[in-house]
Amino acid sequence: MTHKNMSQAFETVIGLEVHLQLSTKTKIFCGCANMFGSAPNTNVCPVCLGLPGTLPVLNHQTLLYAIKVGLALNAHINPFIKFDRKNYYYPDLPKGYQISQYDFPVAKDGFVMIKTDKGPKRIGIKRAHLEEDAGKLMHDNTDNCSLVDYNRTGTPLIEIVTQPDLRSAGESYDYLNTLKLMLQYLGVSDCDMEKGSLRCDANVSIRPAESTSFGTKTELKNMNSFRAVKSALEYEVGRHKQVILSGGKIVQETLLWDDQKSVTVAMRSKEQAHDYRYFPDPDLVPFTVDYKVLDQVRAELPELPGVKLERFIKQYGLNEYDAGVLVMDQAAANFFESCCESYNQPKKIANWLNGAMLKEMNERKVGISELGLTSVNLIELIKSVEDGVLSHLAGKEVLTLMLDSGKSAGQIIQQQSLAQVSDDAVLMAIVDEIIQQNPTAVEQIKQGKFAAAGFLVGQAMKKSGGKANPKKLNELITRRISHA
Amino acid sequence: MITKKDVQYIAALARIHMSPDKLQGLTKNLADIVGYVEQLQKLDLKNVKPTSHAVPLTNALRQDTVKPSLSNEKALSIAPQTRGGCFQVPLVIE
């Protein structure tokens with residue numbers, strides 16, 4: 001069998017676990033501030049330090065957020081919810097156990113739809129549960145010690161676990177982007193991977209294409225971006241194939257992704273084999289979710305990205321690309337709609353938002369709301385271009401000046417005298433001059449070579465300092481020559 | 001049946017240092033306790049709903065309102081070793 005045939009004979013099976021920090025004001029079980037970037041061990045109290053005699057009390061907001069996420073995942077919200085202790089001994093966990101959920105998570109059996117080359121695909125969600133984050137460890141190898149900061153301890157997390165439904169690294173990447181966008185729309189987290197607000201672990205195995213049982217899986221950790229998740233999965237699938245094709249066996253283990261070297265390496269932790277010994281946490285009573293709570297949270301659900309995309313295409317007649325770029329940014333999508341309310345030119349507005357505005361946002365590294373532009377401001381600018389007061393190029397310059405100064409398009413056009421010159425008398429003087437200076441081109445036009453008119457328009461534009469209305473110039477030049 | 005090996009395993013998970021002379025006695029004690037609880041296995045519980053909490057209460061929640069935290073000095077005052085505002089522990093990764 002050739003190598004190509006062998007590699008085609010395998011199917012990849014991937015399941016992902018996403019940990020999302022919820023952006024509540026306080027931690028999940030105590031009133032300490034849920035804040036990133038404070039001085040070490042300053043957002044800590046006896047509860048999150050796990051001191052004896054303290055009792056955790058669930059933050060109501062975390063439960064509502066978890067239900068919100070569950071509903072957005074099309075999941076079943078458990079009417080009965082409880083918390084369990086997951087026992088492991090590690091200094092980032094001061095109690096010696098993590099409060100998590102075992103058999104009655106907030107949500108189970110949902111799905112996320114992703115786009116693939118073969119059309120939409122449904123990725124099953126096994127469960128979504130609440131738990132507390134652990135502290136942060138910093139290691140000092142030279143001094144043979146580790147330092148612990150417990151500020152992050154007790155940060156509310158929701159863990160979202162997929163079914164083993166993903167069939168490639170690319171599909172996993174698409175799922176993560178789809179999920180992240182949805183979570184951003186829900187407004188339950190800043191979803192910032194650099195700050196660790198969103199983290200992803202992956203389980204991967206391969207099996208013969210016709211097989212229905214699973215191969216031995218490995219667990220991948222330490223991927224700090226979705227791109228890293230994709231690379232780590234691609235690498236690991238290749239490694240599995242290589243090991244199996246050379247007659248070896250995959251060992252079930254946890255591997256860390258080394259982004260610099262682009263390889264997975266075995267974890268070198270002193271931690272023992274995991275034996276979590278889950279049991280119900282006696283410190284927390286169970287919770288019930290009734291239809292009233294469900295209705296309340298459901299009413300707060302925003303329009304989700306997939307639905308918005310379809311609506312933008314239908315309602316505004318946008319193509320899928322334009323609608324897709326707008327929907328990628330919830331604030332930009334909202335801005336687009338408020339522009340459309342007072343100026344019924346969706347395609348033109350989308351072009352400005354996805355072109356010049358997006359460029360400004362990227363260059364200034366800010367979101368649309370930080371640009372300080374109102375929809376009224378932008379429409380005034382677009383209208384100036386559409387009415388021929390500004391050339392398209394000048395329009396973009398005016399936008400930059402508007403954002404720099406906070407002034408309106410009208411104010412800037414007046415100040416900078418950027419308005420297009422459409423005054424016949426002024427333009428005619430320029431046209432006459434150009435015609436005199438370029439007898440060859442004039443002769444060509446007279447012989448029917450109209451392309452030469454473009455040359456003359458260009459010369460006239462230059463003469464006007466770029467301010468002449470090119471359409472008007474073309475008219476005047478053609479008229480002048482044909483009447484000469 | 002609880003064996004010496006079980007006791008050693010649980011002690012290791014809980015990071016309890018146990019002298020070998022205590023192992024024999026602890027194994028017997030633990031076996032007695034588990035044996036006592038094992039009597040429950042004889043009960044027919046087919047129609048009994050699992051108890052997840054001894055107290056008949058639900059929905060003990062608090063509002064998402066910030067309360068003062070401990071000062072760094074106070075938080076670290078219980079630590080045997082500290083450095084740079086952190087708790088210092090033996091190196092946990094080689």
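This is a predicted model: local features need pLDDT of at least 70, side-chain atom pairs count only at pLDDT 80 or more; totals for chains, interfaces and linings use all residues.
Chain A comprises 16 helices and 17 strands. Taken along the principal axes, its C-alpha atoms fill a box of roughly 95 × 65 × 55 Å, and the radius of gyration of chain A is 31 Å, whereas a compact globule of 484 residues would have a value near 23 Å. Of these 484 residues, 38% count as buried. Among the contacts in chain A with a separation of 6 or more, 69% are accounted for by residues 24 or more positions apart.

In chain B, the secondary structure amounts to three helices and three strands, which follow one another from the N terminus in the order α-α-β-α-β-β. The radius of gyration of chain B, at 22 Å, is well over the 12 Å that the globule rule gives for 94 residues, and the chain is therefore more spread out than a compact globule. The C-alpha trace of chain B spans about 55 × 45 × 25 Å along its principal axes, and 6% of the 94 residues of this chain count as buried.

Within chain A, three strands form an open sheet in the order 6-5-16, with antiparallel pairing. Strand 6 (97-100) and strand 16 (279-280) of chain A stand at the edges of this sheet, and because each has a single partner strand, one side of each is left without a neighbour in the sheet. Strand 5 (residues 84-87) of chain A is joined to strand 6 of chain A by four bridges, the two strands running antiparallel; in this arrangement, Asn87(A) is placed opposite Tyr97(A) of strand 6. In general, the strands of a sheet pair through backbone hydrogen bonds, in either a parallel or an antiparallel manner.

Asp109(A), although not a glycine, has a positive phi of about 55°, and its place is in strand 7 (residues 107-116) of chain A. With 13 other C-beta atoms within 10 Å, Asp109(A) is partly exposed, since a residue counts as exposed if 12 or fewer such atoms are present and as buried if there are 20 or more. Arg15(B) likewise is not a glycine and has a positive phi of about 55°, but this residue lies in a loop, between helix 1 (4-13) and helix 2 (20-37) of chain B. Arg15(B) has 9 other C-beta atoms within 10 Å and is therefore exposed.

Technical notes: Residues are numbered from 1 along each chain as its sequence is written. Chains are lettered from A and ligands numbered from 1 in the order in which they are written. Two strands pair if DSSP finds at least two bridges between them. The radius of gyration is taken over C-alpha atoms; the globule rule is 2.2 Å times the number of residues to the power 0.38. Two residues are in contact if their C-beta atoms, placed from the backbone, lie within 7 Å.
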